[in-house]
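This briefing covers a ligand site and the charged pairs of one structure. Please look at the sequence and the model before reading on.

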Amino acid sequence: MGRTSFRRTGSLGPARVGSVEFANPILLAAGVAGHGAEIDGHCRLDRLGAMVVKSLWSDPWPGNRAPRVTGTDLGMLNSVGLQGPGVRQWIAHDLPALASAGATVVASIWGRSVEEYRAAAAALTGVDGPVALEVNLSCPNLEGRGSMFAHDPDMTGVVVEACRVSGLPVWAKLSPNTDRIVEIAGSAADAGAEAVTVANTLLGLALDPDTGRPALGGVGGGLSGPAIRPVSLRAVWDVRRGHPRLPIVGAGGIATGRGALDMMSAGASVVQVGTAVFVRPDAPLRILRDLAGLTHAKGFASWFDVVDSAHRGDGQ
Ligand code: RRO
């Protein structure tokens with residue numbers, strides 16, 4: 001099977017998020033494959049819909065104290081703390097490798113203030129490569145703020161508006177740790193977001209059994225993996241109900257083709273695979289293959305037909 005036909009998974013055609021078309025609906029989530037093309041030897045980036053790069057600040061950022069990742073009996077807990085090379089260094093050193101690997105790239109940025117978000121977004125203005133900008137409003141490991149931007153409808157809107165300076169289609173990455181996600185998604189859309197990414201990790205904590213102290217250097221962390229899938233699925237469902245025309249990028253615990261199918265049926269135009277990569281680096285490609293098989297078996301003619309099918313009741 002040639003490159004193009006594999007990427008387009010046979011007759012199902014492309015996937016679409018707002019103004020951006022993707023070869024297929026499986027994206028690599030931010031954070032699990034770093035900033036560059038390192039994973040390409042294990043998971044061909046040119047076969048994915050896109051890779052979302054780990055969130056970047058305008059300048060280099062060291063991240064949190066170790067340990068940064070720990071297992072729990074129900075998933076993975078991380079407190080990486082937004083480590084990254086900064087947007088400019090990423091453009092100079094990592095983006096060319098991603099282009100060489102044939103990756104479709106979604107950039108991701110973070111900040112501690114509206115001005116920091118604006119600065120990171122501005123550094124991407126006119127840069128050749130990224131097809132969209134995911135604005136991370138929901139990192140669980142950002143010290144020094146009383147609450148997340150994504151827990152505040154007004155701040156969400158202000159940050160999204162500021163990030164439009166990049167000129168790229170903006171996706172707002174929302175938090176599952178709020179009962180206001182539908183309202184907050186609306187604020188993002190009103191401010192000009194083309195899509196919302198639903199959602200980030202769940203706030204969590206693990207204790208070290210030997211010391212009795214928090215297992216992670218950052219103390220708290222973000223829980224990910226299959227255990228959180230029903231939480232993100234519910235959030236996708238609710239956002240779709242509240243905003244029938246707002247494109248959704250589904251994320252949270254997807255580890256199988258069935259999980260990806262459910263997420264799209266609930267309203268996601270494309271889905272991101274994250275923690276499953278730590279189990280098998282080629283998990284996104286396996287999930288894509290299985291999702292395509294399930295989609296054909298259900299008689300859907302295109303990826304577009306899968307999206308929202310659980311709301312229409314035509315996916316059985
Ligand atoms: O770097 C992190 O600690 C991190 C980020 Br930016 C995020 O968005 N979600 C997460 O679980 N960890």
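A residue counts as near a molecule if one of its heavy atoms lies within 4 Å of it. The model shown is predicted. The points below take the ligand and its surroundings, then the salt bridges.

**Ligand surroundings**

- The ligand sits in the largest pocket.
- Around the ligand are Lys54, Asn136, Cys139, Pro140, Asn141, Asn200 and Thr201, along with Asn78, Ser79, Val80, Gly81 and Leu82.
- Sorted by class, this shell consists of seven polar, four nonpolar and one charged residues.

- Thr201 places a polar side-chain atom 2.7 Å from an oxygen atom of the ligand.
- In the side chain of Asn78, an N or O atom is 2.8 Å from an oxygen atom of the ligand.
- Val80 takes part through its backbone, where an N or O atom lies 3.2 Å from a ligand oxygen atom.
- On its own, the ligand has 320 Å² of accessible area, and the protein covers 93% of this area.

**Salt bridges**

- There are 14 salt bridges in the structure.
- One of the salt bridges joins the side chains of Arg88 and Asp59, with an N to O distance of 3.7 Å.
- This pair links distant parts of the chain, as Arg88 and Asp59 are 29 residues apart.
- Arg88 belongs to helix 2, which covers residues 87-93.
- Asp59 lies in the loop between strand 4 (50-52) and strand 5 (69-72).

Notes
Residues numbered from 1 in each chain as written. Predicted model: local features only at pLDDT ≥ 70, side-chain atom pairs only at ≥ 80, totals over all residues. Heavy atoms only, no water. Polar contact = N/O pair within 3.5 Å; in protein donor to acceptor, adjacent residues only side chain to side chain. Areas by Shrake-Rupley, 256 points an atom, 1.4 Å probe, with all protein chains shown as cover. 1 Å grid on protein atoms, 1.4 Å probe; cavity = no way out; pocket = protein on both sides within 12 Å on 5 of 7 lines; lining within 4 Å. Sits in = over half its atoms within 2 Å of the grid points. Nonpolar A, V, L, I, M, F, W, Y, C, P; charged D, E, K, R; others polar. Salt bridge = Lys/Arg side-chain N within 4 Å of Asp/Glu carboxyl O. Helix = DSSP H or I, 4+ residues; strand = E, 2+ residues; numbered from the N terminus.
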